[in-house]
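Hi,

Here is the structure I promised to pass on. Have a look at it first, and then read on for what turned up.

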Amino acid sequence: GKGGLSRADFRWAVQTWHDTVGPGVATGKTRDDFAERDARSNAQPLRRTADVYDMFLGTDRIRADRRPDGSLNIVNGRHRLLIARELGIKSLPGQLS
């Protein structure tokens, strides 16, 4: 995958967004809150909640463009969307342009 991420890494990130980071953001947690959590738990690379925050809300977020026919063209995030579908996760944050 992109940036050396494996399918298992993407699966972990999508599940972690759904179970931990997304709900935390909904209650007002920031990237710094997740970075502090990672430091306390000595989280390893590719298993940090702050990185998941960045993956979904940072510059590498899921992005789509609307085609003239109204359908969507996924510009970034295909792996995450595919895994979310497999996991039965119905929504993820992204940017539509």
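Let's start with Val52: setting aside neighbours within four places in sequence, its contacts are Trp12, Ala13, Thr16, Trp17 and Val21. Please keep in mind that this is a predicted model.

Val52 also turns up in the largest nonpolar core, which has 17 residues. Along with Val52, the residues with the most contacts inside that core are Val14, Trp17, Val21, Phe56 and Leu92. Helices α1, α3 and α4 each put at least two residues into this core. As a bit of background, nonpolar side chains tend to be buried together in soluble globular proteins.

Take Tyr53, which lies in α3. Again leaving out neighbours within four places in sequence, Tyr53 is in contact with Val21, Val25, Thr30, Arg31, Phe34 and Gly58. There is also a pair to look for on your screen: the C-alpha atoms of Tyr53 and Trp17 are 7.4 Å from each other, although the two are 36 residues apart along the chain.

Now for the strands. There is an open sheet of three of them, in the order β2-β1-β3, and the pairing is mixed. Since β2 and β3 are at the edges with a single partner strand each, one side of each has no neighbour in the sheet. β1 and β2 run antiparallel and are joined by four bridges, with Asp65 standing opposite Asn73 in β2. β1 and β3, on the other hand, run parallel and are joined by two bridges; here Ala64 has Leu96 of β3 as its bridge partner. If you trace the hairpin of β1 and β2, you will pass five residues between the strands, and Gly70 in this hairpin has a positive phi near 95 degrees.

The largest pocket has a volume of about 360 Å³. It is lined by 22 residues, and Leu5, Phe10, Met55, Asp60 and Arg80 are the closest to its centre. At least two lining residues come from each of α1 (7–26), α3 (49–57) and α4 (78–87). Sorted by class, the lining of the largest pocket has nine charged, seven nonpolar and six polar residues.

The second largest pocket holds about 300 Å³ of space. Of its 18 lining residues, Ile62, Leu72, Ile74, Leu81 and Leu92 are the closest to the centre. Two or more lining residues come from each of β1 (63–66), β2 (72–76), α4 and β3 (95–96). Which element gives the most to the lining of this second largest pocket? That would be α4, with five residues.

Over to you, and happy browsing!

Note on methods: Residues are numbered from 1 along each chain as its sequence is written. This is a predicted model: local features need pLDDT of at least 70, side-chain atom pairs count only at pLDDT 80 or more; totals for chains, interfaces and linings use all residues. Side-chain values use heavy atoms; hydrogens and water are left out. On a 1 Å grid over the protein atoms alone, a cavity is a set of points where a 1.4 Å probe fits but cannot get out, and a pocket is an open set with protein on both sides within 12 Å along at least five of seven lines; lining residues have an atom within 4 Å of a point. Grid points are joined across faces, edges and corners, and a volume is the space filled by probe spheres set on the points. Ala, Val, Leu, Ile, Met, Phe, Trp, Tyr, Cys and Pro count as nonpolar, Asp, Glu, Lys and Arg as charged, and the others, Gly among them, as polar. A nonpolar core is a set of buried Ala, Val, Leu, Ile, Met, Phe, Trp, Tyr and Cys residues joined through side-chain atoms within 4.5 Å. Buried means under 20% relative accessible area, exposed over 50%, partly exposed in between (1.4 Å probe, protein chains only). Contact means heavy atoms within 4.5 Å. Two strands pair if DSSP finds at least two bridges between them.
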